[in-house]
Amino acid sequence: MARFLLKHLLFLGVTLAAVSLIVFLLTELTPGDVARKILGAYATPEQVEHLTREMGLDRPVLARYVEFVGRLASGDLGTSTRFKVPVKDIIFDRLGNTLFLAAIAFAVIVPLAMLLGILAGMREGSPLDRTILLFATVTASVPEFAMGVTLASIFVVALGWLPGTAPLIPQGHWSVAAQLVLPVAVIVLFDLGYVVSMIRASMVEVMQRPYIRTALLKGMSVPRLIVRHALRNAMINPVTVILLQINYLVTGVVVVETVFAYPGFGRMMLEATLFKDLPAASASAGGRSFAWSLRLGESTTALIGLALVAIWIVAALLALVISPYPPNANDLAAVASPYPSAQHWLGTDHLGRDILSRLLWGARTVLTVAPIAVGGAALVGVLAGLAAGYLGGVADLAISRVCDIVLSFPVIILYMIILAVFGSSALNIILVVSLTKAPIVARIVRGLTLDLRERDYVAAAKMRGERALYIMLVEILPNARGPLIVEMCLRLGYTTITIGVLGFLGIGLPPPDPDWGGMVKDTYGMISVWPHMALFPCAAISSASAAPAGSPAAASWSREATSPRSTKPSSEACGAASSPWSTRIRRAA
């Protein structure tokens, strides 16, 4: 035990050292003069030179890094140029508030997700399964800010039951508890759908295993079967997924904190980034460390989700033709009455710009950036996960440490740092999303590979003298396709949501490109007067991110389409069983 703890403490030290180096280099590689960026374009050369000397930017890079690490070790995080106080005086209070909010949400998410996922996975295709799947799809498809806007419009504006902000200031009986209801509800609803989908996918795979059928034929009761056999084997991958959600809950709640004015860590990070407060931004980042056609047709949820995605793809391709107005054209006559009309079917925004046209043009960017980013994450994550899980040893250790380092930077936080350093662009969004999502995919694939590498068909491939690359890509990868397809489809939907979130926070795609999240940000304050300005973009983001709806059906289709026509195992290579996929390849050859 002591050796185990010592080894992992050593790994933790290496991870923290790598994180500190990355944070330092990101601030050092900023184009242009850091002091000029902090002081603004109108600062005099004398002021810039004085701040440069004060911050030590005229010293050698190595000396500054050693001093940077020394200050971190001593607890000196610098002085915030935004808040005009030492960073350590504000960061720990804000981090404590975020941990408090995350702990409440996590305590609700885990038991509820396990219950719903297990119930759905036990009875695939049943009415209960479809109901839970529909619930998970809806909650996973609605971004946090859209869900926050919707819940606030109902429970704050319309009903007046709950407060619209959460400053954590006592204002009466149960006032703080009432302030936490909406932030916790938004986090739980948004995160629940993803975890439920992954647990359901693993349960579906396990319930089809031969030992489950054998136990049922022997007369074992269903509750005992689930607890002793199915649940134990099905939770290998979901446990990884659940633990990875802690990363999001601690620092990824910046959207919820912004919507409800919650005094948390993520909101402080956003303010520091928008005001070019590099000391606070750096400290915040461092602190984180059927037959297939019939089965698809039976899934109403899948058809709805895939249909919505198809509609947006067609709309994006034909935006130049079907858009009634240019996306940035102003109709000043419509400013006084921006409601939907015959001239503007979805109305106009506060500047008289046609909402339908801006939604159509905004779809082009979203549906280009999201697939490229997810494709890059999938390629890197699958290869890394296969190598770590199958090869083990040094390869597993190195890949796991790299994943730990990258996962220390949640996508929102990392994008904030890159925005402060390099500016906002579609390329930066693609790079950040690919970089931050690849380790998640790698962890999931590694967990599946650790289980699959012990199967008989892998042993048979080794006896035939197959190379490691062949075994990973042909024997293991196709048999991990169920949870992997679910993950990729969900990741595509979440990337669409991420793009909207960045726009809502004001750090998304730069103008003049229409940005769905930016449309909500610009009109959120007018929701009590002109709700359509914010609700239509929220609906667009939610419908475009409905790709997760097809993920369970896609996994089912994949199992049916790639399974062998005969259940009799191949007896090639010393009579050992072969995987269905490799059997098909050899038959075709």
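This is a predicted model: local features need pLDDT of at least 70, side-chain atom pairs count only at pLDDT 80 or more; totals for chains, interfaces and linings use all residues.
Start by selecting cysteine 538: its relative accessibility is 4%, so it counts as buried (under 20% relative accessible area; exposed is over 50%, partly exposed in between, with a 1.4 Å probe and protein chains only). Next, pick cysteine 403, which is buried too, at 7%.

Residues are numbered from 1 along each chain as its sequence is written, and side-chain values use heavy atoms, with hydrogens and water left out.

Now zoom out and color by secondary structure. You'll get 29 helices and zero strands (DSSP runs numbered from the N terminus: H or I of at least four residues for helices, E of at least two for strands). Of the chain's 589 residues, 51% count as buried.

Select 175-207 next. That's helix α8, 33 residues reaching 46 Å from first C-alpha to last, close to the expected 48 Å (1.5 Å times one less than the number of residues). Center on leucine 192, where α8 bends by about 30°; the bend is the angle between axes fitted to the seven residues ending there and the seven starting there. Since 26 of its 33 residues are buried, α8 is largely enclosed by the rest of the structure.

From there, pick serine 197 and alanine 113: they sit 84 residues apart along the chain, yet their C-alpha atoms are separated by 8.7 Å. Alanine 113 belongs to helix α5, residues 88-122, and at 0% relative accessibility it counts as buried.

Select Ile313, Val314, Leu317, Leu318, Leu320, Val321 and Ile322, which make a nonpolar surface patch of about 700 Å². Patch members have over 30% relative accessible area and no salt bridge; like charges are joined within 9 Å, nonpolar side chains (Val, Leu, Ile, Met, Phe, Trp, Tyr) within 5 Å. A salt bridge here is a Lys or Arg side-chain nitrogen within 4 Å of an Asp or Glu carboxyl oxygen. Helices α16 (300-317) and α17 (319-322) each supply at least two of the patch residues. Finish on valine 321 in α17: with 66% relative accessibility, valine 321 counts as exposed.

Note on methods:
Accessible areas come from the Shrake-Rupley method with a 1.4 Å probe; for residues, only the protein chains shown count as cover.
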